[in-house]
Amino acid sequence: MALKNINPTQTSAWSKLQEHFLQAKDFQLNKLFQLNKNREKDFSISLEELYFDYSKNHITNETINLLTSLAKEVDLKNAIEKYFSGEKINVTENRAVLHTALRDNSDTPIYIEGKNIKPSIKTSLKKIKSLTNKVLSGKWKGYTGKTITDVVNVGIGGSDLGPSMAVEALKFYKKKLNTHFISNIDGDHVYETLKKINPETTIFIIVSKSFTTHETITNANTIRDWFLKYATVFDLAKHFIAVSSNIELAINFGIDKKNILPMWNWVGGRFSLWSAVGLSISLSIGFNNFKEMLDGAEIMDNHFRDTDFEKNIPVLLGLLSIWYLNFFSCESEAIFSYTQYLSKLPKFLQQGFMESNGKGVDRNGQTITYQTGCVIWGGVGANMQHSFMQLLHQGTKMIPSDFIGFKEPLHGNKNHHEILMANFHAQTQALAFGKTVQEAHLELKTHGKISDLSSLLPYKIFKGNKQSNTFLLDKLTPKNLGMLISMYEHKVFVQGIIWNIYSFDQFGVELGKELALKNLEKSPAN
């Protein structure tokens, strides 16, 4: 068996955590900071330019020791090695899980079915580079001889969410192409995009491993029909690229064989932006920037694989998530980015976490009796401070939150950025430390509200004691975006190992598809 099957609730560490929780549930963050003046230093980690501060959590050194003991008791270290070395840890689909290999610059071979996959990864990267340079240099011409101005990525799920998020996140680094994404089967989504583009100057990338994904191929056929109103079938090869493992169907569609890039069954869709699925990213920001993003991910990979659990960022993130869901009963986690560029990050991470770890059967095939998976959501600061943050500050729910900020703005407006980052730090401070009765009382008096003291005072108090993680980087670059994505990927892995589930299948997606096809067969139109 590729992974050990250990029910976490039956471990010694879990029992000790339950005992420890009886104390921890009454921890007060302000008191923890008062007791340890070096608390932030003691509960923070730096990795290159990434600074991770987890001091504003309901933890002590004892908590971390117990949580890392849990990780050791379920043999997380051995699981990590199997993950990176290509063992078939996706047991239900009999596949390896090797998106990490896509950004591995080492010369160490990685074998699948006795074959080293490194050469095929390098070949794919060279093809991405060649296509990117050909289009961006203007050498690639459309059917009327015009240079390409737009690229449209046609995919769904991981074939859309990752590339779309990364293109938006890195648009400061955009070269010259306008990049569009079509995912929804809603025809209005397709036609609103087609209104924006010229068939003579647009390339379409059809991303589907099987080249039979219902939504993607329906959209692709609609786009093909639209294109053929202006051009001929002989012109398709100049405007369509495929990322697929089904070469025959892609060729039948009209795509030139040399413009078909590979997809491998050892890369899950939600972890695939590092592969040729990321071609739209490369076309948008240039191959060198795309490669920098892969290199950033590799930095986090090496940290995750080689660092002791007590100072391992993804491991600690996964363990804190277990702590809050399984002991504090926190069912959702929020991710807040203090840059507009990362507006699509929560939606991307929703798939990564919820499709991976939304499982109710363990690796023994038994129904799970403890909580797994979290509801992932988020937003962009400071916008969200004027919408849902009220619930986090004064509501009845306990919601672990990640705050992601940057020391420098990309466009250099220091005034705006100082205001933004003042808000960034203020939110984590307010959540953790709140506002006491005395502070609220003084504030009301200062503002001349003495007559309203008794009636307003309860509404002006903030209990605080709300946990959060802080991530601070120098500025948003392809490299540190790669680090962030890789970090969250490995957090998914850690959670899945500890919960004793298979994180890399997604059978829960299938039933709706099956019923939709049956409904279509019953439709009067058929």
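I count angles under 35 degrees as roughly parallel, over 145 as roughly antiparallel, 65 to 115 as roughly perpendicular and the rest as oblique. The model is predicted; local features need pLDDT of at least 70, side-chain atom pairs pLDDT 80 or more, while totals for chains, interfaces and linings use all residues. Residues are numbered from 1 along each chain as its sequence is written, and side-chain values use heavy atoms, without hydrogens and water.

**Helix pair.** I looked up helix 12 (residues 287-306) and helix 13 (residues 313-326); helices are DSSP runs of H or I, at least four residues, and strands runs of E, at least two, numbered from the N terminus. Their axes come within 7 Å and cross at roughly 70°. Helix 12 and helix 13 are therefore roughly perpendicular. Met300, His303 and Phe304 in helix 12 meet Ile313, Pro314 and Val315 in helix 13, with contact meaning heavy atoms within 4.5 Å.

**Cavities.** I searched the whole structure and found 6 cavities of 30 Å³ or more. A cavity is a set of points on a 1 Å grid where a 1.4 Å probe fits but cannot get out; lining residues have an atom within 4 Å of a point.

The largest cavity holds about 140 Å³. Of its 17 lining residues, Glu333, Pro400, Asp402, Asn469 and Lys491 lie nearest the centre. Helix 13 gives the largest share of this lining, 4 residues.

The second largest cavity has about 50 Å³. Its lining includes Arg270, Phe348 and Glu489. Helix 14 (345-357) and helix 19 each give two or more residues to that lining.

Notes:
Axes fitted to C-alpha atoms, helices over the stretch in contact; angles between N-to-C directions. 1 Å grid on protein atoms, 1.4 Å probe; cavity = no way out; pocket = protein on both sides within 12 Å on 5 of 7 lines; lining within 4 Å. Points joined across faces, edges and corners; volume = space filled by probe spheres on them.
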